[in-house]
Amino acid sequence: MTNLNDHLIKLIRLHGPISISSYITEALTNPKFGYYVNQTPFGKEGDFITAPEVSQMFGALIGLWFADIWLKMKRPVKVHLIELGPGKGTLISDLIRVLDVLPDFLNTLELHLVEASPQLIEVQKEALKTFKGKITWHETVKTALTAAEGDDMATFVIANEFFDALPIRQFQKGDLGWHERMVTVDEKGDGLSTMLSPFPVPDAELPDHLKNAELHSVIEVSPMADYITRLISEHIKRNTGAALFIDYGYNEYRTGETLQAIEKHKFVDIFERPGYADLSSHVNFRKISDLAKQSDLKTYGPAMQGKFLTDIGIAERVQILNKSATSKQQKDILSALKRLIAPDEMGTLFKVLAIISDPDLEIAGF
Ligand code: SAH
């Protein structure tokens with residue numbers, strides 16, 4: 001049993017059951033025991049591999065996608081580029097490197113990285129040490145957006161596999177209404193398990209579309225994802241700019257549970273090893289785009305990652321890389337290509353959503 005397990009058992013004994021959302025927050029970002037604070041999640045030795053870790057093509061293509069928007073926006077003189085949850089800093093450093101082809105854009109950039117893990121901040125600093133412009137690290141999206149406020153500026157936001165790490169709440173339908181799923185101490189007394197809160201929640205807290213769902217259905221909502229989306233949307237509306245969110249997810253309001261735990265590339269029980277396994281859930285892209293539209297912004301997608309990367313030129317990137325590659329490297333490039341775009345790999349599960357301030361701008365990838 002883990003330290004976080006013992007810590008949570010004590011907490012629950014003192015204060016009563018905690019929500020799934022508090023459990024996720026503790027498991028991922030508790031300053032002492034949290035997964036992102038202690039583990040090295042990404043890569044072959046880690047627990048999972050993200051697209052930027054598969055290939056430099058991913059960050060490079062996203063850099064060119066933003067460059068295209070910058071040109072179409074008539075070259076704003078200053079751009080705040082905010083990345084949410086930069087991990088090892090691979091996406092942002094590949095994105096910066098490719099912009100050597102467009103120094104005018106590169107020179108406008110000021111970077112803001114939103115990161116909860118002090119350990120990952122150190123890794124990101126190392127990855128970005130050759131970047132000449134200003135970089136600021138922020139603990140919250142709100143402080144990053146505040147720093148990016150200003151006239152004659154645009155804000156670009158990129159987030160890959162960030163929203164899936166945000167806490168969610170789960171509700172289950174019973175005879176009396178919807179009950180929140182809570183985390184409590186199991187019967188043996190040394191582990192955690194779920195229970196339903198005996199008190200139904202008021203209907204107003206639930207998405208309209210799901211109020212008539214069948215008995216025992218489960219729904220998931222992420223007040224944190226909603227809050228962050230609203231902040232970003234209102235900021236982009238005020239300051240102009242664009243956001244690109246990439247994650248696994250779905251595009252309708254629906255029932256079903258998606259919270260999962262992964263350790264060493266395998267699914268495990270969400271309570272088996274709190275703090276040692278990654279927790280994540282599928283992202284509701286429909287909710288994100290509905291909120292952005294409420295701020296009077298235009299949204300594109302979600303497109304499947306395979307289609308998006310193909311449309312914005314991944315085949316050309318393969319050719320460029322192949323030119324200076326050995327035959328072993330060429331094989332690796334091809335297998336990375338497959339990993340990123342094939343329907344049975346990351347190509348269809350992962351989706352890409354763009355949010356843009358200017359409704360007349362023609363953007364690539366959708
Ligand atoms: N974008 C990277 C990493 C994805 S993992 C990649 O694609 O490889 C999720 C990242 O978000 C990690 O860097 C993690 O530390 C960070 N993170 C998770 N929850 C966070 C939160 N609530 N606030 C800030 N950063 C968070």
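A residue counts as buried when its relative accessible area is under 20% and as exposed when that area is over 50%, with partly exposed residues in between. By this cut-off Gly-59, at 0% relative accessibility, is a buried residue, and its place in this predicted model is in helix α5, which covers residues 56-72.

**The ligand and its surroundings**

- The ligand sits in the largest pocket, and there are 14 residues around the ligand, of which Thr-50, Gly-85, Gly-87, Glu-115 and Asn-160 come nearest.
- The shell around the ligand is made up of seven nonpolar, four polar and three charged residues.
- An N or O atom in the side chain of Glu-115 lies 2.5 Å from an oxygen atom of the ligand, while Gly-87 places a backbone N or O atom 3.0 Å from an oxygen atom of the ligand.
- A nitrogen atom of the ligand takes part as well, at 3.2 Å from a polar backbone atom of Ala-116.
- Taken alone, the ligand would expose 570 Å², and the protein buries 93% of that area.

- Gly-59 of helix α5 and Gln-329 are 270 residues apart along the chain, and their C-alpha atoms are separated by 18 Å.
- Helix α6, which spans residues 90-98, is mostly covered, with eight of its nine residues buried.
- The buried residues of α6 are Thr-90, Leu-91, Ile-92, Ser-93, Asp-94, Leu-95, Ile-96 and Val-98.
- Residues three or four places apart in an α-helix point the same way, because such a helix has 3.6 residues a turn.
- Leu-120 belongs to helix α8, residues 118-127, and is buried because its relative accessible area is 7%, a value below the 20% cut-off.
- The C-alpha atoms of Leu-120 and Val-37 are separated by 7.8 Å, although the two residues are 83 residues apart along the chain.

**Backbone geometry**

- Most residues other than glycine have a negative phi, and most peptide bonds are trans.
- His-216 has a positive phi of about 75° although it is not a glycine, and this residue is found in the loop between β8 (192-200) and β9 (218-221).
- His-216 counts as exposed because its relative accessibility is 55%, which passes the 50% cut-off.
- His-265 likewise has a positive phi, near 65°, in a residue other than glycine, and lies in the loop between β11 (260-263) and β12 (266-268).
- With a relative accessible area of 45%, His-265 is partly exposed, since that class falls between the cut-offs of 20% and 50%.
- The peptide bond that joins Gly-301 and Pro-302 is cis, with an omega of about 10°, and Pro-302 has its place in strand β15, residues 298-304.

- Asn-284 is located in strand β14, residues 283-284, and is buried because its relative accessible area is 17%, under the 20% limit.
- A polar atom of the side chain of Asn-284 lies 3.1 Å from the backbone nitrogen of Lys-287.
- Asp-358 is found in the segment after β16 (350-356), and is partly exposed, with a relative accessible area of 29%.
- The side chain of Asp-358 reaches the backbone nitrogen of Asp-360 at 2.8 Å, and Asp-360 is also in the segment after β16.
- Asp-360 counts as exposed because its relative accessibility is 68%, over the 50% limit.
- Asp-360 and Lys-298, by contrast, are 62 residues apart in sequence and 9.0 Å apart in space, C-alpha to C-alpha.

Note on methods: Residues numbered from 1 in each chain as written. Predicted model: local features only at pLDDT ≥ 70, side-chain atom pairs only at ≥ 80, totals over all residues. Heavy atoms only, no water. Near = heavy atom within 4 Å. Polar contact = N/O pair within 3.5 Å; in protein donor to acceptor, adjacent residues only side chain to side chain. Areas by Shrake-Rupley, 256 points an atom, 1.4 Å probe, with all protein chains shown as cover. 1 Å grid on protein atoms, 1.4 Å probe; cavity = no way out; pocket = protein on both sides within 12 Å on 5 of 7 lines; lining within 4 Å. Sits in = over half its atoms within 2 Å of the grid points. Nonpolar A, V, L, I, M, F, W, Y, C, P; charged D, E, K, R; others polar. Helix = DSSP H or I, 4+ residues; strand = E, 2+ residues; numbered from the N terminus. Buried < 20%, exposed > 50% of the residue type's maximum accessible area, 1.4 Å probe, protein only.
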